Amino acid sequence: MALLEGFVKALSGSGVTITLACGPEYCLSLDGSNLKVGDKITFGVRPEHIQITNTEGSPFKVRLDVSEHLGADTYCHVRQRTAKR
């Protein structure tokens, strides 16, 4: 699973809006009652939901460094464009 940093941008009765450090913003239908605007979050993305595309085709800006296939699991090591390493 790719773990990406971000923050809570907005809360509403219908869910939570998050902004990821690597670019995109998502509105998630979940209970945000234990969150507040500005909270740091970690967003997990499963490898089977990742598609490689050209940089113009997606607002999601990360670089896939390594993809490890370990039996039933696949680990994707990605780097956010804001990463310092």
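E25 is partly exposed, because its relative accessibility is 42%. On that scale, buried means under 20% relative accessible area, exposed means over 50%, and partly exposed lies in between, with a 1.4 Å probe and protein chains only. This is a predicted model: local features need pLDDT of at least 70, side-chain atom pairs count only at pLDDT 80 or more, and totals for chains, interfaces and linings use all residues. Residues are numbered from 1 along each chain as its sequence is written, and side-chain values use heavy atoms, with hydrogens and water left out.

What does E25 pair with? E25 forms a salt bridge with K9, and their closest N and O atoms are 2.8 Å apart. A salt bridge here is a side-chain nitrogen of Lys or Arg within 4 Å of a carboxyl oxygen of Asp or Glu. Side chains of opposite charge can pair when their charged atoms come close. This pair links distant parts of the chain: K9 sits in strand 1 and E25 in strand 3, 16 residues apart. K9 is also partly exposed, at 42% relative accessibility.

How many salt bridges are there by this rule? The count is two. The other one to look at joins K36 and D39, at 3.3 Å from N to O. K36 is exposed, with a relative accessible area of 54%. D39 counts as buried, at 18% relative accessibility.

Stay with K36 for a moment. K36 lies in the loop between strand 3 and strand 4. Setting aside neighbours within four places in sequence, K36 is in contact with V8 and L11. Contact means heavy atoms within 4.5 Å. Now look across to A72. A72 is 36 residues from K36 along the chain, and their C-alpha atoms are separated by 36 Å.

Next, the sheet. Helices (H or I, at least four residues) and strands (E, at least two) are DSSP runs, numbered from the N terminus. In which order do the strands of the open sheet lie? Four strands form it, in the order 3-2-1-4, with antiparallel pairing. Why is one side of strand 3 and of strand 4 left without a neighbour in the sheet? Strand 3 (25–28) and strand 4 (40–45) stand at the edges, and each has a single partner strand, so one side of each has no neighbour in the sheet. From one strand to the next, the twist averages 40°. Those angles run from 0 to 180 degrees between N-to-C directions, with axes as lines fitted to C-alpha atoms, for helices over the stretch in contact.

Strands count as paired if DSSP finds at least two bridges between them. Strands of a sheet pair through backbone hydrogen bonds, either parallel or antiparallel. Strand 1 (residues 2–12) and strand 2 (residues 15–20) are antiparallel, over six bridges. L11 has V16 as its bridge partner in strand 2. Six bridges also join strand 1 to strand 4, again antiparallel. There, L3 has G44 as its bridge partner in strand 4.

T17 is in strand 2. Is T17 buried or exposed? T17 is buried, at 14% relative accessibility. Beyond residues up to four places away in sequence, T17 touches F7, V8, K9, A10, E25, Y26 and C27.

F43 brings us to the rings. The structure holds one aromatic pair. Y26 and F43 have ring centres 5.7 Å apart and planes at 10°, so the pair is stacked. The rule: rings of Phe, Tyr and Trp (its six-membered ring) pair if their centres lie within 6.5 Å; planes under 30 degrees apart count as stacked, over 60 as edge-to-face and the rest as tilted. Y26 is in strand 3 and F43 in strand 4, 17 residues apart. Y26 is partly exposed, at 30% relative accessible area, and F43 is buried, at 18%.

Last, the whole chain. The protein chain has zero helices and six strands. Its C-alpha atoms fill a box of roughly 40 × 30 × 25 Å along the principal axes. Buried residues make up 26% of its 85 residues.

And confidence. pLDDT is the predictor's confidence in each residue, from 0 to 100. The chain averages 83, and 92% of the residues score at least 70. Among its elements, strand 2 has the highest mean pLDDT (94), and strand 6 (residues 73–80) the lowest (77).
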